Amino acid sequence: TITDCNQDQLVILRIIRSVSKMAEVATNEETSNTVEEPLDLVRLSLDERILVKMRNDRELRGRLHAYDQHLNMVLGDVEETITTVEIDDETFEELYKTSKRQIPMLYVRGDGVILVSPPLRVGGV
């Protein structure tokens, strides 16, 4: 029998395959290095490390493996940074705290994405 953990892993693998097929179709449609529409910038960042700002003060930095038109993404070797604000009870100062964690593979749902920043490119591209 398959444990719950293994079933979750199978679901994740199916999602990754589905998103990978979408990325493959998008890549095959146009393989040039030109940027004519917003998703072209994301397409040119495939297999590169990107920054993704999310809702609720979360940031993800990882390698873009796949994406679709909704900005659903599969990222690998991800560092997630969560910023929280606490108010000091005595001074009423805002205290910013960050916590980080490493995630080997992550599926990102596109409706939580605020910004995608491609890698810095030096030169003609």
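This note goes through a predicted model of one chain, point by point.

1. Overall make-up. The chain has two helices and five strands. Followed along the sequence, these elements come in the pattern α-α-β-β-β-β-β. Of the 125 residues, 25% count as buried. The accessible surface of the chain comes to about 8,900 Å², and 51% of that area belongs to carbon and sulfur atoms.

2. Contacts along the chain. Take the contacts between residues at least 6 apart in sequence: 46% of them join residues at least 24 apart.

3. The sheet. The five strands form an open sheet in the order S4-S3-S2-S1-S5, and the pairing is antiparallel. S4 and strand S5 (113-117) stand at the edges; each has a single partner strand, so one side of each is left without a neighbour in the sheet. From one strand to the next, the twist averages 25 degrees. As background, strands of a sheet pair through backbone hydrogen bonds, either parallel or antiparallel.

4. The S3-S4 hairpin. S3 and strand S4 (residues 94-108) run antiparallel to each other and pair over 14 bridges. Within this pairing, glycine 76 is placed opposite methionine 105 of S4. The two strands form a hairpin with six residues between them. Phenylalanine 92 belongs to the loop between S3 and S4. Its phi is near 60 degrees, a positive value in a residue other than glycine. Phenylalanine 92 counts as exposed because its relative accessible area is 64%, and the cut-off for exposed is over 50%.

5. Tyrosine 96 is a residue of strand S4. With a relative accessibility of 55%, tyrosine 96 counts as exposed.

6. The S2-S3 pairing. Strand S2 (residues 58-67) pairs with S3 in the antiparallel sense over eight bridges. Here tyrosine 67 is found opposite methionine 73 in S3.

7. Threonine 81. Leaving aside residues up to four places away in sequence, threonine 81 touches Asp57, Arg58, Glu59, Thr98, Ser99 and Lys100. One of these, aspartate 57, is in the loop between S1 and S2. Aspartate 57 has a positive phi of about 55 degrees, although it is not a glycine.

8. Glutamate 80 and arginine 58. A search of the whole structure finds seven salt bridges. One of them joins glutamate 80 to arginine 58, with the closest N and O atoms 2.7 Å apart. Glutamate 80 lies in strand S3 and arginine 58 in strand S2, so the pair ties together parts that are 22 residues apart in sequence. Glutamate 80 is buried, with a relative accessible area of 6%, whereas arginine 58 is partly exposed at 32%.

9. Two further salt bridges. Lysine 53 forms a salt bridge with glutamate 59, and their closest N and O atoms are 3.6 Å apart. Lysine 53 is partly exposed at 34% relative accessibility, and glutamate 59 is partly exposed at 24%. Aspartate 111 forms a salt bridge with arginine 109, where the closest N and O atoms are 3.1 Å apart. Aspartate 111 is partly exposed, with 44% relative accessibility, while arginine 109 is exposed, with 56%. Salt bridges that share partners also join Lys53, Glu59 and Arg61 into one network.

10. Leucine 44. Where is leucine 44? Leucine 44 sits in the loop between helix H2 (38-43) and strand S1 (49-54). Its relative accessibility is 16%, so leucine 44 counts as buried. Threonine 34 is ten residues from leucine 44 along the chain, and the C-alpha atoms of the two are separated by 8.6 Å.

Conventions:
Residues numbered from 1 in each chain as written. Predicted model: local features only at pLDDT ≥ 70, side-chain atom pairs only at ≥ 80, totals over all residues. Heavy atoms only, no water. Contact = heavy atoms within 4.5 Å. Pairing = 2+ DSSP bridges. Helix = DSSP H or I, 4+ residues; strand = E, 2+ residues; numbered from the N terminus. Buried < 20%, exposed > 50% of the residue type's maximum accessible area, 1.4 Å probe, protein only. Areas by Shrake-Rupley, 256 points an atom, 1.4 Å probe, with all protein chains shown as cover. Axes fitted to C-alpha atoms, helices over the stretch in contact; angles between N-to-C directions. Salt bridge = Lys/Arg side-chain N within 4 Å of Asp/Glu carboxyl O.
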